[in-house]
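Subject: A structure for you to explore

Hi there,

Here is the structure I promised to pass on to you.

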Amino acid sequence: MFEIAQAGDKAYFFRLTAPDGTVVAVSPLFSSIKSAAAGITAVRENAATGLIVDRSSTHRRAASHSAAVAPGVLVSSGVGAS
C-alpha cells in the first residue's frame, strides 16, 4: 500500500508498506500532495521494469568466484556506475 503523509507545513512524502505493515520504501519530500501522487504513479509504472543492481560487498565476493546470477538481473560492482 502507498501512504501519503505530511512532513511539516508544506512537505509531503509517501511510504510503500507491505501487507504486514513493514515499510518497504520512503520517498523524498514533495512540495504538494499532487507531486507526491505523481511520484507514486512513477514508481508504479517503472518498478516492474527496473533492473536490479547488486552493489553489496557480499555479491563482490561471490562474483569473484563466478557465482550464478538470475536471468535478467544486472549485476554491477559499482565501479563506473551511477
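Phe2 has Leu16 in E2 as its bridge partner. Two strands count as paired if DSSP finds at least two bridges between them. Before you go further, please keep in mind that this is a predicted model, where local features need pLDDT of at least 70, side-chain atom pairs count only at pLDDT 80 or more, and totals for chains, interfaces and linings use all residues. Residues are numbered from 1 along each chain as its sequence is written, and side-chain values use heavy atoms, with hydrogens and water left out.

**The strands**

E1 covers residues 2-6 and E2 covers residues 12-17; the two run antiparallel and are joined by five bridges. Their hairpin has five residues between the strands, and Gly8 takes a positive phi near 85 degrees there. On to the next strand: E2 is also joined to E3 (residues 23-26), again antiparallel, by three bridges. Leu16 has Ala25 as its bridge partner in E3. E2 and E3 form a hairpin too, with five residues between them, and Gly21 in the turn has a positive phi of about 95 degrees.

**The aromatic rings**

How many aromatic pairs are there? The count comes to two, taking rings of Phe, Tyr and Trp (its six-membered ring) as paired if their centres lie within 6.5 Å; planes under 30 degrees apart are stacked, over 60 edge-to-face, and the rest tilted. Phe2 and Phe14 make an edge-to-face pair, 5.8 Å centre to centre with 70 degrees between the planes. Phe2 lies in strand E1 and Phe14 in strand E2, so this pair ties together parts that are twelve residues apart in sequence. Phe14 and Phe30 make a stacked pair, at 6.0 Å centre to centre and 20 degrees between the planes. Phe30 sits in the loop between E3 and helix H1 (33-47), 16 residues from Phe14, and the pair links distant parts of the chain. Together, ring pairs link Phe2, Phe14 and Phe30 into a cluster.

**The salt bridge**

Side chains of opposite charge can pair when their charged atoms come close. The structure holds one salt bridge, meaning a side-chain nitrogen of Lys or Arg within 4 Å of a carboxyl oxygen of Asp or Glu. Arg15 forms it with Glu3, and the closest N and O atoms are 3.2 Å apart. Arg15 lies in strand E2 and Glu3 in strand E1, so this pair also ties together parts twelve residues apart in sequence. Arg15 is partly exposed at 27% relative accessible area, and Glu3 is partly exposed at 27%.

**The start of the chain**

Met1 lies in the segment before E1 and is exposed, with a relative accessible area of 62%. Which residues does Met1 touch, leaving aside its neighbours within four places in sequence? Met1 is in contact (heavy atoms within 4.5 Å) with Arg15, Leu16 and Thr17. Met1 and Leu16 are 15 residues apart in sequence, with their C-alpha atoms 5.6 Å apart in space.

Enjoy exploring!

Conventions. Helices (H or I, at least four residues) and strands (E, at least two) are DSSP runs, numbered from the N terminus. Buried means under 20% relative accessible area, exposed over 50%, partly exposed in between (1.4 Å probe, protein chains only).
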